[in-house]
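Please look through the sequence and the structure below before reading on. The paragraphs that follow start from a single residue and then widen to the whole chain.

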Amino acid sequence: HMLHTIFAAAVIASLVVMPTTALAQGAGVNAGVNAAVTTPVGGVNASVSAKVTAAKAKATKEIDRRIALLADMQARIQTMQKVTDAFKQNLSAAVQTQTTALQTLKTKIDAEGDEAVIKADVQSITQSHQIFALFMPQARIAAMADCEVVLANMMATLGAKLQARVVAAQTAGAEVAALNLALTELNTKINSANTQAQAAVSASAVLSPDNNDKTKMAANAAALNAARTNLQAAHKDLQDARKAIQTILDGLKKAEASVTATTTAQVQ
């Protein structure tokens, strides 16, 4: 009877212990399953978050770079002297519009959590806000044209002074036919340079974002090519004008020296 009692107690003890052990094992399995499920989800979320953060950082960098370039462009526009006030105002307004649009886009991206939406916004930086494709070339063309007009005006002022000297040399008896031809060449090249520079500004003034419109893209490309051709022609005119100035200076030296020599001989 005592052995029976001991055996029964052992059986009861085993029955009590087994569920506890099984529960512990089951808990371990469940924990493993939960860990297996939770860890990848957390990893995916972290990965998505990292991609969104990286996309935002890239977008912000590109936007800030463009805003800085637009600020430089705005400063250059204000220093232009010879383009029309209407052109300056239009170009300045366009730059400000682009700047405001980029700042608004930057705020939108900062608040965005969807990677796909951010990518679309980043694409719009190059598609809708074509700073490098349009506005920078437009501003450079205008700045170069303005500079060429300034140089042309300086040459015109010098040309007027040289003409006065040629008239004086002629009055004194010097032969000035070649000098008069050079003066005509100078004035022609100055006028042509001014015309070409203004044509460059006018050609670039029609540029506008194409938004992937092939017809508009072709029109923009043609306008830029025309403006660059005009600038090259203006530059060539100014080079020819410089040569004419040098020809006049050299001719005046000889003419004035000849007048001096003649006057000296007459006095003697």
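Aspartate 121 has a relative accessibility of 10%, and because buried means under 20%, aspartate 121 counts as buried. In this predicted model, aspartate 121 is part of helix α3, which covers residues 115-127. Its side chain makes a polar contact of 2.9 Å with the side chain of lysine 108. Setting aside residues up to four places away in sequence, aspartate 121 touches Leu105, Lys108 and Ile109.

An α-helix has 3.6 residues a turn, so residues three or four places apart point the same way. How far apart are the ends of helix α2? Helix α2 runs over residues 85-111, and its 27 residues should span 39 Å at 1.5 Å a residue; the end C-alpha atoms are 39 Å apart, so the two values agree.

Helix α4 can be treated likewise. It has 41 residues, 131-171, and at 1.5 Å a residue these should span 60 Å; its end C-alpha atoms are 58 Å apart, which agrees. After α4 comes glycine 173, with a positive phi near 110 degrees.

In soluble globular proteins, nonpolar side chains tend to be buried together. Here the largest nonpolar core contains 37 residues, and Ile63, Met73 and Met80 have the most contacts inside it. Two or more residues of this core come from each of α1, α2, α3, α4, α5 and α6 (214-267). The largest contribution, ten residues, is from α4. Methionine 80, leaving aside neighbours within four places in sequence, is in contact with Lys88, Leu91, Ala139, Ala142, Ala143 and Asp146.

Confidence remains to be considered. Which element has the lowest mean pLDDT, and which the highest? Helix α1, residues 2-79, has the lowest mean, 62, while helix α5, residues 177-204, has the highest, 93. The pLDDT is below 50 over residues 1-41, a stretch with one contact in the model beyond near neighbours in sequence. Where pLDDT is low, the predicted coordinates should not be read in detail. For the chain, the average pLDDT is 79, and 76% of the residues score at least 70.

Key. Residues are numbered from 1 along each chain as its sequence is written. This is a predicted model: local features need pLDDT of at least 70, side-chain atom pairs count only at pLDDT 80 or more; totals for chains, interfaces and linings use all residues. Side-chain values use heavy atoms; hydrogens and water are left out. Helices (H or I, at least four residues) and strands (E, at least two) are DSSP runs, numbered from the N terminus. The expected span of a helix is 1.5 Å times one less than its number of residues. Buried means under 20% relative accessible area, exposed over 50%, partly exposed in between (1.4 Å probe, protein chains only). A polar contact is a pair of N or O atoms within 3.5 Å; within protein, one must be able to donate a hydrogen and the other to accept it, and residues adjacent in sequence count only if both atoms are side-chain atoms. Contact means heavy atoms within 4.5 Å. pLDDT is the predictor's confidence in each residue, from 0 to 100. A nonpolar core is a set of buried Ala, Val, Leu, Ile, Met, Phe, Trp, Tyr and Cys residues joined through side-chain atoms within 4.5 Å.
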